[in-house]
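Please open the structure in your viewer and keep the selection tool at hand. The tour below goes from one selection to the next and says what is found at each stop.

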Amino acid sequence: MSAPDELYPPTQYGWGWLLLALGIIALLILGAFLLILLTRPRTSISVPGQQAPAAPPVHEVLNMLRMEYSAQIDRIEAEYRAGAITARQANIELSRTVRTFVNEYSGLEAPVLSLDDLRRLEVQPPLIDALQRHYYPSIFRRGAAVDPLAGAAAARTVVASWH
């Protein structure tokens with residue numbers, strides 16, 4: 001029988017646990033490497049002897065943006081004239097179109113700003129005028145909506161004059 005004061009040696013772990021720990025660490029390192037490798041920005045591949053296409057000048061991009069949104073305004077006006085959408089729906093779409101144009105053209109987050117926010121930021125008067133006279137009364141007021149043809153003209157003014 002052994003004495004109660006006798007010391008026992010510490011328990012030894014098997015080699016399997018050490019290998020498991022090293023395997024987990026290796027998997028974490030591999031996962032981090034793959035995450036970095038797969039999420040980094042891609043570099044463009046250039047073919048020897050060919051030049052990469054040049055980006056169009058800024059004024060051309062802005063003119064294309066104006067043409068794109070003018071076409072959307074024309075589409076909304078045509079749908080209203082054809083009776084496919086109501087006056088209220090036309091004004092809602094015109095408001096959304098104008099606000100999105102301003103956002104894409106200048107970076108101003110017009111789609112999520114209220115009329116008061118836009119006034120506080122002192123944006124260009126044509127946008128404030130279009131929202132105040134055409135879109136807000138049609139969207140938020142009871143009764144008949146404001147004529148969307150006048151709203152389309154106001155939207156064209158915003159698109160043409162925004163800088």
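What follows is a walk through a helix, its surroundings, the core, the aromatic pairs and the salt bridges.

**Before you select anything**

This is a predicted model, in which local features need pLDDT of at least 70 and side-chain atom pairs count only at pLDDT 80 or more, while totals for chains, interfaces and linings use all residues. Residues are numbered from 1 along each chain as its sequence is written, and side-chain values use heavy atoms, with hydrogens and water left out.

**Stop 1: helix 6**

Select residues 148-161, which make up helix 6; helices here are DSSP runs of H or I with at least four residues, numbered from the N terminus. Helix 6 has 14 residues and spans 20 Å from its first C-alpha to its last, close to the 20 Å expected at 1.5 Å a residue, where the expected span is 1.5 Å times one less than the number of residues.

Now colour Pro-148, Gly-151, Ala-152, Ala-154, Ala-155, Val-158 and Val-159, the buried residues of helix 6. Buried means under 20% relative accessible area, exposed means over 50%, and partly exposed lies in between, with a 1.4 Å probe and protein chains only. What covers the buried residues of helix 6 includes helix 2, helix 3 and helix 5.

**Stop 2**

Leaving out residues up to four places away in sequence, His-134 touches Asn-91, Asp-129, Val-146, Ala-150, Gly-151 and Ala-154, where contact means heavy atoms within 4.5 Å.

Next select Tyr-135, whose contacts, again not counting residues up to four places away in sequence, are Asn-91, Leu-94, Ser-95, Val-98, Ala-130, Gly-151, Ala-154 and Ala-155.

**Stop 3: the largest nonpolar core**

Tyr-135 also belongs to the largest nonpolar core, which has 28 residues; together with Phe-101, Val-102, Leu-118, Leu-127 and Trp-162, Tyr-135 is among those that touch the most other members. A nonpolar core is a set of buried Ala, Val, Leu, Ile, Met, Phe, Trp, Tyr and Cys residues joined through side-chain atoms within 4.5 Å.

**Stop 4: aromatic pairs**

The structure holds three aromatic pairs. Rings of Phe, Tyr and Trp (its six-membered ring) pair if their centres lie within 6.5 Å, and planes under 30 degrees apart count as stacked, over 60 as edge-to-face and the rest as tilted.

Select Tyr-69 and Phe-101, an edge-to-face pair at 5.5 Å centre to centre, with 65° between the planes. Tyr-69 lies in helix 2 and Phe-101 in helix 3, so the pair ties together parts that are 32 residues apart in sequence. Both Tyr-69 and Phe-101 are buried, and ring pairs link Tyr-69, Phe-101 and Tyr-105 into a cluster.

Then select Tyr-136 and Phe-140, whose ring centres are 5.0 Å apart with the planes at 65°, so this pair is edge-to-face. Both residues lie in helix 5, four residues apart, about one turn of the helix. Tyr-136 counts as partly exposed at 23% relative accessibility, whereas Phe-140 is exposed, at 59%.

**Stop 5: salt bridges**

A salt bridge is a side-chain nitrogen of Lys or Arg within 4 Å of a carboxyl oxygen of Asp or Glu, and by this rule the count comes to eight.

Begin with Glu-93 and Arg-75, whose closest N and O atoms are 3.7 Å apart. This pair links distant parts of the chain, with Glu-93 in helix 3 (residues 87-106) and Arg-75 in helix 2 (residues 58-81), 18 residues apart. Glu-93 counts as buried at 19% relative accessibility, while Arg-75 is partly exposed at 38%.

Since Glu-77 lies in helix 2, the pair ties together parts that are 79 residues apart in sequence. Arg-156 is partly exposed at 28%, and Glu-77 is buried at 15%.

Definitions and conventions. Helix = DSSP H or I, 4+ residues; strand = E, 2+ residues; numbered from the N terminus.
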